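Please open the model in your viewer and keep the selection panel at hand. The stops below are meant to be taken in order.

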Amino acid sequence: RLKFRPSHQKLNGSAGIVSHLANLLKMKCNYKLYNTLPSWAFDKPAHSIALKMEPGQLGSQVLLDLDKLVSGNASMVLDYLPRQLAKAYPLVNAHARRWLALREELEPTVVKSFELFQQQSVKAANKRAAKAAMLSGGQ
């Protein structure tokens, strides 16, 4: 986890989704190895994931947009993930039955991650408001 900053809130909130997705891809789609990293894309934080199926180097990094990962709509998130991954890894969603099973297992994680993100956002907003009130009251 990154030190708390407002710009990292979505990064922390979506980390569980990316981690669970990578584990499921490894187990269900026979990828040998994966690498997930927080990264910066277009001057904002993002997640990236790279997969490895055969001996050799990891495949291409796929950037995952945080706004789409913590959108609050589980079906949109679950539709977004295979579209993004298919850009570099077309075999990920080539077998519909396998992807549906993966999707079913991932859905509770998506819902819980969004709920946690909302709770953390409210808590952070309350902290900022209390700090601003304390600073303005002290002057």
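Which are the buried residues of helix H3 (residues 74-88)? Select Ala74, Val77, Leu78, Tyr80, Leu81, Pro82, Gln84 and Leu85, where buried means under 20% relative accessible area, exposed over 50% and partly exposed in between, with a 1.4 Å probe and protein chains only. Helices (H or I, at least four residues) and strands (E, at least two) are DSSP runs, numbered from the N terminus.

This is a predicted model, in which local features need pLDDT of at least 70 and side-chain atom pairs count only at pLDDT 80 or more, while totals for chains, interfaces and linings use all residues. Residues are numbered from 1 along each chain as its sequence is written, and side-chain values use heavy atoms, with hydrogens and water left out.

Next, show what covers the buried residues of H3, which includes helix H1 (9-28), S2, strand S3 (62-64), helix H2 (66-69) and H4.

Now move to the strands, where S1 (residues 33-41) and S2 (residues 44-52) run antiparallel and are joined by nine bridges; two strands pair if DSSP finds at least two bridges between them. Leucine 37 stands opposite serine 48 in S2, and in the hairpin, with two residues between the strands, phenylalanine 42 takes a positive phi near 55 degrees.

In the loop between H1 and S1, select asparagine 30, which has a positive phi of about 60 degrees although it is not a glycine.

Finish in helix H4 (residues 96-137) with serine 113, which is buried at a relative accessible area of 9%. Leaving aside neighbours within four places in sequence, serine 113 is in contact with Gly13, Gly16 and Ile17.

Definitions and conventions
Contact = heavy atoms within 4.5 Å.
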